[in-house]
Amino acid sequence: MKNDNNRFPPGWDEARVRSVIDFYESQSEDEAFAEDEAVFSGEQHTLMEVPAELVPVIRELIAKHERHEDGDPR
């Protein structure tokens, strides 16, 4: 017997998944392109290639940064 409790991430259900699928399937190519462009043209984030072995260290730095922004001194 299958356990449906692990079927979706916390806070998600089938209706939410279907809603996201419907949104992206109904997007025109121009709308999808504009969305992609907006993500990559923002000044608050950047994409970069890093060695895979550094990913855990970078994730920890990001977590510390986010905690600091939330007022957590750790």
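**Figure 1. Glycine 71 and helix H3.** Just after H3, glycine 71 has a positive phi of about 90°. Helix H3 covers residues 55-69, and its 15 residues should span 21 Å at 1.5 Å a residue; the end C-alpha atoms are 21 Å apart, in agreement with this. The expected span is 1.5 Å times one less than the number of residues in the helix. The model is predicted: local features need pLDDT of at least 70, side-chain atom pairs count only at pLDDT 80 or more, and totals for chains, interfaces and linings use all residues. Residues are numbered from 1 along each chain as its sequence is written, and side-chain values use heavy atoms, with hydrogens and water left out.

**Figure 2. The helices of the protein.** Helices (H or I, at least four residues) and strands (E, at least two) are DSSP runs, numbered from the N terminus. Of the 74 residues, 3% are buried; buried means under 20% relative accessible area, exposed over 50%, and partly exposed in between (1.4 Å probe, protein chains only).

**Figure 3. The salt bridge of glutamate 14 and arginine 18**. The closest N and O atoms of this pair are 2.5 Å apart. A salt bridge is a side-chain nitrogen of Lys or Arg within 4 Å of a carboxyl oxygen of Asp or Glu, and by this rule the count is two. Glutamate 14 and arginine 18 are four residues apart in helix H1 (residues 14-26), so about one helical turn separates them. Glutamate 14 is partly exposed, at 34% relative accessibility.

**Figure 4. The salt bridge of glutamate 60 and arginine 67**. Here the N to O distance is 3.3 Å. Glutamate 60 is partly exposed at 38% relative accessibility, and arginine 67 is partly exposed at 24%.

**Figure 5. Glutamine 27 in the loop between H1 and helix H2 (29-41)**. Glutamine 27 has a relative accessible area of 18% and therefore counts as buried. Leaving aside residues up to four places away in sequence, glutamine 27 touches Ala32 and Glu35; contact means heavy atoms within 4.5 Å.
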